[in-house]
Amino acid sequence: MTVETQPTVIIAGMGPVGMTAALALALKGIPVTILETGDDLATESRASTFHPPSLEILKDLGVVDELMESGLKAPGFQYRGHNRELIAHLDMALLENDTEFPFRIQNEQGTLTRIIRRHLEEMPHVTLRYGAPVERVEMGRNCAYVFLPGDGREPSYRADWLIGTDGAGSAVRQSLGIAFEGVTYPERFLVASTTHDFLDDFDDLAYVSYVYDPDDWGVLLRTPQHWRVLFPIDEDESDEAAQHPDRIEERLQGVIALDEPYPVAHSTIYKVHQRLAATFGQGRVLLAGDAAHINNPLGGMGMNSGIHDAHAAVEAISFALAGGDPTQAVETYARVRYDAAAVDVQKNTQKNYEEMRQQDDKERSERKNEMADIAADPVRAREYLLGTSMISSFEKSSRRMRDGLAQANETSPPVPSLQLDARTAS
Ligand SMILES: Cc1cc2nc3c(=O)[nH]c(=O)nc-3n(C[C@H](O)[C@H](O)[C@H](O)COP(=O)(O)OP(=O)(O)OC[C@H]3O[C@@H](n4cnc5c(N)ncnc54)[C@H](O)[C@@H]3O)c2cc1C
């Protein structure tokens, strides 16, 4: 097999993070090839909450309207107790001066990847390749070599830059020997989707509710097609037992008792981890999204922080391709996005997990009162929402990226901007 020589960026994985990075690069006129192991985009139902900064990024990429049109606008979210009684309603309209999108959009990550694909397919300098699993990566001089199955000693691609967005089991990360340290939770999560409408059962139910309970904590959320209920599964319950239709029915009846059985569309069991790659950048390889960090889904931060990674990775690569110092670009990206994942995402999601399942009655009760107080005070609620909506995290990260690349600029020759226009490039 011959080595392709056209200067290009390779992206491993067509999940929401890889596709966002691909579109951002392509819109800058940078040739990009995206390799996907599957025969098509994934259909699995996972991320469904898009926070304001992700919506801002997707607006700049020209795809937010399509995402919003097919999604649901959630103007707030709630904390609820054992009987799903309201503890606190957080009104995201308080963020109206902080973002153009003071709400969450509920939509499937598979809808986003399909919207982005439609745009990429129109662009002549973009190659989408399916059934193409990245098997391993080798560092070259100012490049990375990407090997697909059957390549032998000759790689399929020589990439000026490679972004590893190949998910939690990332072959890119593993082949570079980058550790992925952290913990796996003892309990797994069961997600059951039903077409029953919980809006008929609870007053003023938001599209996203977090349930505080020592045993029966979880999440109740709406997607465009279903309500999804997330339950923890005890360590001593097998996957088969937890996913048995009678058991799912029992758990759904525990949310609200119905006279008839729940219509269950599907159910999935997930292992849950909190893990971080030891570095997010090495040579000409950047890791982004689940390839770099995974966390529990409480707060909806995994994909969203991955979209922030994609934004930062494209900024770093564009800077280097336009003449900036590549080492400084990689180091800035790796440092800034590692910190965002470690400090903003991992700590917050872990805190959500601990608070929702708090076993101590007094502490749980104090936390519920505190949440009600925060929700009732517009100043405190706005502060709180800046964190939960990831606005603070994204602003801090964007500022640090700018500062990191500007420092590089002081020691590098002036950086010309890329002149290519993606819409007209051929
Ligand atoms: C139940 C649940 C609910 C969640 N809810 C939310 C939420 O509301 N909000 C949120 O922000 N996050 C949420 N998450 C997390 C979110 O789903 C992930 O963070 C997100 O999918 C990460 O996107 P990604 O593109 O990095 O990786 P992935 O979505 O895993 O995509 C990786 C892609 O790479 C491909 N691939 C794998 N290996 C290779 C290879 N060797 N070569 C080429 N291609 C490869 C895969 O086929 C896949 O298409 C949730 C997760 C779960 C489990």
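The model is predicted. Helices H1 and H8 pack with their axes 8 Å apart. Helix H7 has buried residues including Leu252, and exposed ones including Glu250. Gly62 sits in a loop between H2 and H3.

**H1 and H8**
- H1 spans residues 16–27 and H8 spans residues 302–321.
- Their packing angle is about 30 degrees. Angles under 35 degrees count as roughly parallel, so H1 and H8 are roughly parallel to each other.
- The H1–H8 crossing is right-handed.
- From H1, the contact uses Pro16, Val17, Thr20, Ala21, Ala24 and Leu25.
- From H8, Met303, Gly306, Ile307, Asp309, Ala310, His311, Ala313, Val314 and Ile317 meet them.
- By class, this H1–H8 contact has 11 nonpolar, 3 polar and 1 charged residues.

**H7 and its two sides**
- H7 runs over residues 245–255, and its residues Ile248, Leu252 and Val255 are buried.
- These three cover an arc of only 40 degrees around the axis, so they lie on the same side of H7.
- Asp246, Glu250 and Gln253 are exposed on the other side of H7.

**Gly62**
- The loop holding Gly62 lies between H2 (52–60) and H3 (64–69).
- Gly62 has 14 other C-beta atoms within 10 Å, so Gly62 is partly exposed.
- Gly62 and Ala24 are 38 residues apart in sequence. In space, their C-alpha atoms are 9.9 Å apart.
- Ala24 is also one of the H1 residues that meet H8.

Methods
Residues numbered from 1 in each chain as written. Predicted model: local features only at pLDDT ≥ 70, side-chain atom pairs only at ≥ 80, totals over all residues. Axes fitted to C-alpha atoms, helices over the stretch in contact; angles between N-to-C directions. Helix = DSSP H or I, 4+ residues; strand = E, 2+ residues; numbered from the N terminus. Parallel < 35°, antiparallel > 145°, perpendicular 65-115°, else oblique. Left-handed = near helix turned anticlockwise from the far one by under 90°. Contact = placed C-beta atoms within 7 Å. Nonpolar A, V, L, I, M, F, W, Y, C, P; charged D, E, K, R; others polar. Buried ≥ 20, exposed ≤ 12 C-beta atoms within 10 Å, placed from the backbone. Arc of directions from axis to C-beta.
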